[in-house]
Amino acid sequence: MALLPQLTRRLGQPLFLPAHGRGAALPDGLRQLLRRRAGVWDLPELPALGGPLEADGAIADSQRSAAAAMGVARCWYGVNGATGLLQAALLAMVRPGERVLLPRNVHRSLIQACVLGDLRPVLFDLPFQSDRGQPAPADSAWIERVLQALPRDGAPIRAAVLVHPTYQGYANDPTAVIQRLQQQGCCVLVDEAHGCHFAAGVDHPLPPSALHCGADLVVHSLQKSAAALAQTAVLWLQGERLDPVRVERSLGLLQTTSPSALLLASCEEALQHWQRPQGRCELLQRLQEAEALANGLRHSGVPLLSNQDPLRLILHTGQAGITGLDADDWFLPRGLVGELPEPASLTLCLGLARHRGLGRRMRHHWQNLLRSFPDRTPLPAFEAPPLPLVTSPAQSPTQAWTAEHQQVALKDAEGCIAAELLCPYPPGIPLLIPGERLDRQRQRWLERQQLFWGDQIPDALTVVSGG
């Protein structure tokens with residue numbers, strides 16, 4: 001199958017990322033650039049242009065302007081998505097052998113950073129929403145319980161990570177949580193990949209951005225929640241807990257030496273879009289249209305779960321006895337292309353483009369979906385993973401990842417130490433990380449998850465030999 005034709009074929013309603021909706025919501029400056037002679041924008045790091053880690057040049061000036069507009073000390077554009085910036089940020093915060101506090105809904109890129117940097121994760125569980133099988137954000141009371149349960153032996157915990165908002169748009173005000181973690185001596189990194197628009201400051205009751213709540217480092221994916229091209233992101237730094245030189249050294253370890261000038265220009269244009277009256281007005285319109293759409297769908301009987309980001313619609317397929325994966329398979333050939341299928345839901349990302357007629361199409365497809373699954377009953381409440389509030393792997397992720405390994409059937413994996421991530425994608429949240437030992441309860445829980453995730457949870461695991 002040729003690749004180029006796939007990039008231009010019709011897909012129906014694009015309810016997936018990037019948020020620009022296949023170009024419909026790209027900022028004017030970027031649209032004009034892409035209309036120029038093909039490839040004219042594909043430049044190296046010429047002196048006048050520079051690069052994200054250079055002190056001089058147009059890119060350095062752009063990053064300084066973006067940081068000043070956001071009211072923070074520094075920012076760096078990234079062309080390896082939020083993944084690369086999250087990894088560089090974590091490696092700048094924590095030295096080899098030191099501990100870092102991570103939530104269980106952390107993206108796999110940060111576990112991979114622990115492998116790369118020989119970091120020791122201390123994982124904390126999250127509140128669980130059993131009707132949909134998804135974690136909820138931690139509040140200050142929950143974090144206080146986590147801090148009380150932290151191990152008192154060994155190396156101190158130097159840094160903490162939060163996810164705000166989640167892929168599905170769950171969020172709260174993280175101010176108290178960030179402050180409490182900082183009081184504990186932690187530098188706080190917030191994965192706000194899906195919440196760049198929280199920082200735009202439009203007149204709408206969105207949750208606050210972690211940037212405005214005092215986080216030390218924040219990563220925004222500019223393709224997930226702003227109108228930039230895929231693979232773009234920005235890392236923001238504020239406060240004095242972390243030396244920017246350490247951040248730049250970490251970025252230099254992981255960043256390409258030939259960054260795309262087009263992607264870097266896309267970073268600038270997407271951020272400047274929020275600063276212009278037109279961009280802010282368009283964002284507010286999209287948020288209001290999304291709320292009206294959701295209210296209309298609920299009124300007509302389409303089951304949507306509540307969240308805090310109007311640009312994420314969570315279709316509660318489990319209420320009708322249909323998994324999100326089955327619903328996604330049914331919708332896709334009919335032109336309703338979602339973003340995140342899960343066992344009990346299908347998340348649709350409205351992004352920043354307009355979706356005329358979407359309510360009518362969704363009602364029509366939902367009724368036809370129900371007729372296509374006549375023998376159904378509501379899915380039962382989902383079982384929370386059997387995890388302690390706070391836990392550490394039996395081995396460091398680096399040791400487990402680099403150890404001799406073997407394949408073991410999941411049904412026989414009790415007592416084994418994982419050598420790889422077990423991670424349905426999307427959403428990219430690990431169910432098992434390298435170095436964790438499977439006890440009987442968790443091994444059986446993973447077997448039961450196969451009923452919902454299908455072949456995303458394999459019949460065999462890669463485990464440490466003799467572990």
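Helix α8, residues 244-254, lies across strands β2 and β10 (233-237) and runs at about 5 degrees to β2. Contact here means heavy atoms within 4.5 Å; axes are lines fitted to C-alpha atoms, for helices over the stretch in contact, with angles from 0 to 180 degrees between N-to-C directions. Helices (H or I, at least four residues) and strands (E, at least two) are DSSP runs numbered from the N terminus.

This is a predicted model, in which local features need pLDDT of at least 70 and side-chain atom pairs pLDDT 80 or more, while totals for chains, interfaces and linings use all residues. Residues are numbered from 1 along each chain as its sequence is written, and side-chain values use heavy atoms, leaving out hydrogens and water.

The open sheet has eight strands with mixed pairing, in the order β2-β10-β9-β8-β7-β3-β4-β16; strands pair if DSSP finds at least two bridges between them. Its edge strands are β2 (74-78) and β16 (390-391). Two bridges join β4 to β16, and these strands run antiparallel; Phe-124 has Val-390 as its bridge partner in β16.

I turn now to salt bridges, defined as a side-chain nitrogen of Lys or Arg within 4 Å of a carboxyl oxygen of Asp or Glu. The structure holds 15 of these salt bridges. One of them joins Glu-98 and Arg-158 at 3.2 Å, N to O, linking parts of the chain 60 residues apart. Which residues form a network of salt bridges? They are Arg-104, Glu-436 and Arg-442.
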